[in-house]
Amino acid sequence: MQTLFFALAIVLSVILLIPFYRVYKGPTVGDRLLGASAAGSKTLTLILLFGFLYERIDMFVDISMGYAILNFAGVIAMSKYFKTIVPGKQE
Amino acid sequence: MSHFSEILAGVLMFGGVFFMLLGSIGLLRMPDFYTRAHAAGKIDTLGIMLFIVGMVVYEGLTLVSAKLALVAVFVALTSPVATHQMTRRALAYGLKPWVRPEAQTGETEEPHALGN
């Protein structure tokens, strides 16, 4: 089972890199936010997998809970902060 | 019995990783912000939920599995709210949805082509 966790962690860290293309290349601010949110939610599961790998899941589950709260609050705050979603269109 | 629960946990985790991969590819390939938001919603709801349910099955009935279920409930509550907030903000600031090139009416320009 430890081997399965290790393989899943490797696959997840490869999948984690895909939304960063959208963060880098996104034509609008919303695309970048969407990519950052997707990467954050995949990091949450990666933290849980690290907890199973290090046999310290009782500590890592609290960290992942804090990370989930931080991800949600960050996305809400940034989507409220950015006034120009569409590039080139000023309010 | 524990062997069966390990197999079930592995299958559920593989399902979660599969849906995360699917959502990532959708985030990469979709033509528009709204369709990308639709694809990225699958990562949070289906992917993380299946993954955490698999972890709960592997862990058994402990305090840690209760906390894992709490993380799943929190993600299920907040992730659709965040996606909805982003799309609502984009619509409020006038981002036009993507339409097919043959169904276009004049001045609306297409953001990307979707392949064939």
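Visitor: Which exposed residues does the face of α1(A) turned away from its buried side carry?

Guide: Bear in mind that this is a predicted model. That face of α1(A) carries Q2(A), T3(A), A7(A), I10(A) and V14(A).

Visitor: And which are the buried residues of α1(A)?

Guide: Start with the general idea. An α-helix has 3.6 residues a turn, so residues three or four places apart point the same way. Now the case here: the buried residues of α1(A) are L8(A), L12(A) and I15(A). Around the axis they cover an arc of only 55°, which puts them on the same side of α1(A).

Visitor: How far does α1(A) reach from its first C-alpha to its last?

Guide: A helix can be checked against its expected length, at 1.5 Å a residue. With 14 residues, α1(A) reaches 20 Å, close to the 20 Å expected.

Visitor: Which residues of α4(A) are buried, then?

Guide: The list is I57(A), F60(A), V61(A), S64(A), A68(A), N71(A), F72(A), V75(A) and S79(A). What covers them includes α3 of chain A, together with α3 (63–92) of chain B.

Visitor: Let's turn to the interface. How many residues of chain A are in contact with chain B?

Guide: On chain A, 38 residues are in contact with 37 residues of chain B. Helices α1 (2–15), α2 (18–25), α3 (29–53) and α4 (57–81) of chain A each supply at least two residues of that side. The largest share, twelve residues, comes from α3(A). By class, this side of chain A has 24 nonpolar, nine polar and five charged residues.

Visitor: At what angle do α3(A) and helix α2 of chain B pack?

Guide: Look at the angle and at how far apart the axes are. For α3(A) and α2 (residues 33–59) of chain B, the angle is about 10° and the axes are 10 Å apart. Angles under 35 degrees count as roughly parallel, and α3(A) and α2(B) are therefore roughly parallel to each other.

Visitor: Which residues meet there?

Guide: From α3(A), they include L34(A), A38(A), L44(A) and L48(A), while among those in α2(B) are F33(B), A40(B), I48(B) and M55(B). By class, the contact of α3(A) with α2(B) has eleven nonpolar, four polar and four charged residues.

Terms used:
Residues numbered from 1 in each chain as written. Chains lettered and ligands numbered in written order. Predicted model: local features only at pLDDT ≥ 70, side-chain atom pairs only at ≥ 80, totals over all residues. Contact = placed C-beta atoms within 7 Å. Helix = DSSP H or I, 4+ residues; strand = E, 2+ residues; numbered from the N terminus. Nonpolar A, V, L, I, M, F, W, Y, C, P; charged D, E, K, R; others polar. Axes fitted to C-alpha atoms, helices over the stretch in contact; angles between N-to-C directions. Parallel < 35°, antiparallel > 145°, perpendicular 65-115°, else oblique. Expected span 1.5 Å × (residues − 1). Buried ≥ 20, exposed ≤ 12 C-beta atoms within 10 Å, placed from the backbone. Arc of directions from axis to C-beta.
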